[in-house]
Amino acid sequence: MDYNTIKIEPKQAENILFELYGIKGSASSLPGYVDFNFRIKIGNEEGYILKISRPDENKKYLEYQQQLLQFIEKSDENLIAPKAIKDKNNDLISEIIDDFGKTRCVRLLTWVSGKVWSSVNPQLEDFRFSLGEQCGVLTKALQGFDHPEAHYYFDWDVAQSLWTKEHLHLFESYEKEILINFQNKFEASHSSYSKLRKSIVHNDPNDNNIIVTQDLLHPKAKAAIDYGDAMHTQIINDLAILCAYGVMGHHDSLNASLALVKGYHSTFPLQEKELNHLYTSIAMRLVISVTKSAINKIKEPKNEYLLISEQPAWEVLKKWYQISPEFALFSFRNACGFKAHPNEQKFNDWASNKSFQLSELFPTIQKNEVSHIDLSVSSKWIGHEKEFNDLELFQFKIDQLQKTIPNKIIAGGYLEPRAVYTSTEYDRVGNSGKESRSIHLGIDFWLAHQTPVHTIFDGKVVIAVNDEGDKEYGGLVVLEHQTDELSFYTLYGHLTVESATKNKVDDILKKGSLIGLLGNYPENGNWAPHLHFQVMLSLFEYKVDYPGVAYVSEIDVWKSVCPDPNLLFQLKSLQFKNKSNHDELINYRKNHLGKSLSLQYDVPIEMVRGAGAYLMDSFGRKYLDTVNNVAHIGHENYEVVKAGQEQMALINTNSRYLHENINTLAKELIETLPPQLNVLHFVNSGSEANELAIRMVKAYNGERDIIASEVGYHGNTNMCIDISSYKFDGKGGQGAPEHTHIFPLPDAFRGKYRGDNTAEDYAKEVEKQIEIIQNKGRKVGGFIIEPIISCGGQIELPNGFLNKTYQLVREAGGICISDEVQTGCGRMGKTFWGFQLHDVIPDIVTIGKPLGNGHPIAAVACTQEVANRFANGMEYFNTFGGNPVSCAIATEVIKTVKREKLQENALHVGEFLKAELKELSIEFPIIGDVRGQGLFLGIELVDEDLNPLEAQTNYLANRMKDHGILMSTDGPDNNVLKIKPPMIFSKENAEELIVYLRKIFAEDFMKNF
Ligand SMILES: Cc1ncc(COP(=O)(O)O)c(C=O)c1O
């Protein structure tokens, strides 16, 4: 049929509408597979959809369609659907004769407003759940409706999908292999599939046929439209079709399908036997789709709609092919609230009637008690990652521990989140960023190498291999066991290769037989000797390996597939305890810690371990840290940890005794400062440093008046709050005290003066404050400012501003403090200290956060003159300031910055990142400004009129957290995203950051404001 001779133009549609329905409206074409569809707009009304059939359409079929809509309209379900409108003659279906003399049927339906599902970004779990829910309600509403026309042959019916076998020749080899695989699976299961529940279903809930609410943050499926494919078929097909579309565009297709399944099951409960066919049905819908596209590409090359879903369908099919059908089934079962593994209960019942002894597993050991060992991500026993990866040290610690408990076997680990596996080899990209395989599925028994391991029940060898490679199993044996009720498997990992591979597949091992001997590193996969013992109810397709650890997102399924091995031994000390409970932590905090302490993120995280640029939560999930300039040289830097531990073991006392550590640290710092700044006082925090600096001002010139910037922050003590506009001008604040003089934030982007040359203007503002002080008959005490104003929103000072203001302040008798609490110690990249960017030398420099890499130590550097005036006879005593432990730590921090060339790293990675952010700002105009130096950057989010977008900035930070990237907001309007990661932040880290920023900036909430 020539498409051009049957096509209807919008103008024609408008005329038809008026003639048949007496309605005047404007028509625009919509895509349609069979009918010609037009959106009819009438002013502000919801409007209609006009459907004009192809010539010689089967009218009975259209009558069935209209009856179906009427049935839904009358159903009890709370369901939105298009309503059929009658024409002037009271008919639900009208007829016209087209220009070629052909009869065409016309129908008018109400328009359902909203946006289409395909336009929603992101499609998060809640949204996908609502899609499932909506489809379930629709299936429910259609129960009881039948019509002869609903029983027909249809290529798109999953039940009839085997026609696709005839077209395999259209595909290349790999694609063909995938199609054949699914066709065969479908064919093999056909007899049980054909007995599944049937009814009339929508049969095409694709991403252009579901209307969604306009809510940008929490969109919900609202109504299904286009019932043109509705037919009588297996009910599960509707969910299969929904899933086929619902997983498109997601990295992890199976995971993406689960919320859809859960949602559907919540409104239309599925049967277990239906779930058995869901994996293949989803695949068959995609098989139909790609086969249709291949055929139609040849038939109607101009009809783009036909091609719309070809590429994403292939993407999903290829991924789906990699998923174990059995694992998919267990995941669906779990989503619907059934036991993930159908035999889980049977195994538990069987095991609870037995009681095995550990001495049966290890007959040469003859011990039946265990001592639990905590190897979890938060375990203090395992210590630093450098230590737990040192196998000799690890073994030594195990031996020492064993000596204290000679009658027990050291064991544990079931469902334990392990840090050992959180190295990148165990990572994959999931639907929200990287995921680590971290949850241990077996029990580890820490015994000497060569310890014989015996089987505690009869079994058949199914795997006996050398699973070679670092952190693999080495010698691995898996046995299959048969009871009256079920079969299950036991796994023995980390054996010697020789003993494991002595076993041959299909060998029968009688209860009590030797399985193998425990191996040593490296042949056991490079571990301290131990047995990894695991129970499995399914082997899936594994032949030479089997997961011993699982992703957190899949743990509910895995723990059903791999039950607790301790069910066999019933050892009290191995009974699983959930270590931390977030609700308890939050509640206690609420009741017993100060209410003004805040928690970050809408859903707070419990961090238990740091590692370089990453933090890890209690589940072993890694977060890339882009905000922590306190962990200056990387979280838990080993040299720093050691320096602290070693000194702590010797002495920690105040600075009234001679100790070389305080001198060494002073030397290290003085080396980095201009020669004039050569006297140091050590304190414990940035606040204390600024507090002392202000005391020095008073001692220097006897004046109390301080000039500081708007939105500046200098600490939490009384004096510091008094000079921090960020606090006294913010919530709970009471404005500037008498002796504090605030000049406008020197923000060249959105401040009082904007653009390139604002230094003079802002300097004049400082001059005004000097005059105000002088007009009150007083003199200037000091001037304090950060080289980049952090809380102000990473505001870079205009070029020449500091030079000018230092001059003005000094002329007025004041002295100048550079607050380097955030900016110091190499972070600026080009210079070691922030003030050096501006070619000035302050009288006092305060140093804080980065100095201790997380340990509380800070410092004040000043000139001899300032120090001498401060030493007016009153002793300066600080109990903790400058103690040997803090000084050992800080010395190591400064030495590492120099040794590892971290300032250079800040420069190179920072410049790369800044350039990438600038690129991003072209793509996403919401980024109004990109600024900063080195690894101290900020991006400011604004609308066209430069209004701040706080909600979008907060959304961005929270969404980045969902993707495992920690970011934080700042600025007076909370619309600046600050980036100040540990200085070891690499180019790869920066690239990862950009990938996810790009993803989130494209989301609906970031684009519509
Ligand atoms: C610029 C600046 N100065 C001083 C301080 C106070 O430091 P601390 O929190 O160590 O007392 C801070 C803390 O955020 C700061 O950002």
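Predicted model: local features only at pLDDT ≥ 70, side-chain atom pairs only at ≥ 80, totals over all residues.
Local features need pLDDT of at least 70, side-chain atom pairs count only at pLDDT 80 or more, and totals for chains, interfaces and linings use all residues. Residues are numbered from 1 along each chain as its sequence is written, and side-chain values use heavy atoms, with hydrogens and water left out.

**The ligand and its shell**

- A polar backbone atom of G686 sits 2.8 Å from an oxygen atom of the ligand, a polar contact in the sense of a pair of N or O atoms within 3.5 Å.
- The side chain of S687 has an N or O atom 2.4 Å from a ligand oxygen.
- For Q822, a polar side-chain atom lies 2.8 Å from an oxygen atom of the ligand.
- The protein buries 85% of the 390 Å² that the ligand exposes when taken alone (Shrake-Rupley method, 1.4 Å probe).

**Cavities**

- Four cavities of 30 Å³ or more are found in the structure, a cavity being a set of points on a 1 Å grid over the protein atoms alone where a 1.4 Å probe fits but cannot get out.
- The second largest cavity has a volume of about 50 Å³, which is the space filled by probe spheres set on the points, with grid points joined across faces, edges and corners.
- Its lining consists of K51, Q65, Q66, L69, R107, L109, D226, Y227 and G228, lining residues being those with an atom within 4 Å of a point.
- Both α3 (59–74) and β6 (103–110) supply at least two residues each of that lining, and α3 gives the most, with three.
- Three nonpolar, three polar and three charged residues make up the lining of the second largest cavity.

**F540**

- F540 lies in the loop between β23 (531–536) and β24 (549–551).
- F540 counts as buried because its relative accessibility is 13%, and buried means under 20% (1.4 Å probe, protein chains only).
- Although F540 and E326 are 214 residues apart in sequence, their C-alpha atoms are 6.7 Å apart in space.

Technical notes: Polar contact = N/O pair within 3.5 Å; in protein donor to acceptor, adjacent residues only side chain to side chain. 1 Å grid on protein atoms, 1.4 Å probe; cavity = no way out; pocket = protein on both sides within 12 Å on 5 of 7 lines; lining within 4 Å. Helix = DSSP H or I, 4+ residues; strand = E, 2+ residues; numbered from the N terminus. Nonpolar A, V, L, I, M, F, W, Y, C, P; charged D, E, K, R; others polar. Buried < 20%, exposed > 50% of the residue type's maximum accessible area, 1.4 Å probe, protein only.
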